[in-house]
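Let's take a look inside a protein together. Have the picture handy as you read.

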Amino acid sequence: MNGFQMKKEKEVRTRSNWSSGEFVVLRVCDSSGPMVGSSADVANYFQDDARAIREWFRVLYLNSKNKVILNKLEFLGTVDSSPVYPREIIATALQCGATCLVLAHNHPSGDPEPSYCDKEITKAIVFAAATMGIKVLDHVIIGASKAGDKTPFYSMADQDQIQDYQMAAASYMNVK
């Protein structure tokens with residue numbers, strides 16, 4: 001877990017929506033960026049953001065050795081939802097040369113159990129990524145915890161949901 005820290009990163013501000021003038025902060029890691037080893041690593045990394053009052057959706061873009069090359073806040077929502085667009089995630093993955101993705105978002109309610117919408121958007125992202133040769137490794141949902149408490153989280157990979165979605169995507173792509 002100590003290996004999963006964003007020590008060598010720089011913040012880059014880019015316009016996410018030209019009409020509203022909103023900016024998104026990217027954390028760009030160098031080639032020796034941290035390696036993602038487990039869902040617990042992801043939950044621990046984002047634990048400080050878990051108590052946010054708005055739902056956020058971040059993506060860790062990884063190289064072929066599972067090292068983080070980009071950590072991006074893709075979407076920021078309301079107290080109980082966040083709009084997520086697979087097209088935007090895949091476009092960023094292609095731009096930065098990512099071969100793998102780790103999805104992460106918080107549930108301000110504190111309950112990390114995935115909703116129906118969480119499962120459906122994950123499936124859509126897995127399908128979209130698979131068509132471009134990109135693998136989704138996990139979707140970690142982080143619940144809110146009290147300061148000092150262990151952060152509750154739910155890993156779709158640990159529950160074999162990601163694998164099920166990948167098998168469905170592969171099966172779908174092989175149908176003629």
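## Ground rules

This is a predicted model, where local features need pLDDT of at least 70, side-chain atom pairs count only at pLDDT 80 or more, and totals for chains, interfaces and linings use all residues. Residues are numbered from 1 along each chain as its sequence is written, and side-chain values use heavy atoms, leaving out hydrogens and water.

## The cores

A nonpolar core is a set of buried Ala, Val, Leu, Ile, Met, Phe, Trp, Tyr and Cys residues joined through side-chain atoms within 4.5 Å. Buried means under 20% relative accessible area, exposed over 50%, and partly exposed in between (1.4 Å probe, protein chains only).

The largest nonpolar core here has 24 residues, and Phe57, Tyr61 and Ile125 are among those with the most contacts inside it. Helix α3 (116–131) is one of the elements giving two or more residues, and α3 gives the most, with four. Helices (H or I, at least four residues) and strands (E, at least two) are DSSP runs, numbered from the N terminus. Apart from this core lies another, of 15 residues, including Val36 and Phe46.

## Helix α4

The buried residues of α4 are Gln161, Ile162, Tyr165 and Ala169. Seen down the helix axis, they fall within an arc of 100° (taken from the directions from the axis to the C-beta atoms), so they line one face of α4. The face turned away carries the exposed Met167 and Asn174.

## Cysteines

Cys96 is partly exposed, at 28%, whereas Cys100 is buried, at 9%. With a disulfide being a pair of cysteine sulfur atoms within 2.5 Å, the count is zero.
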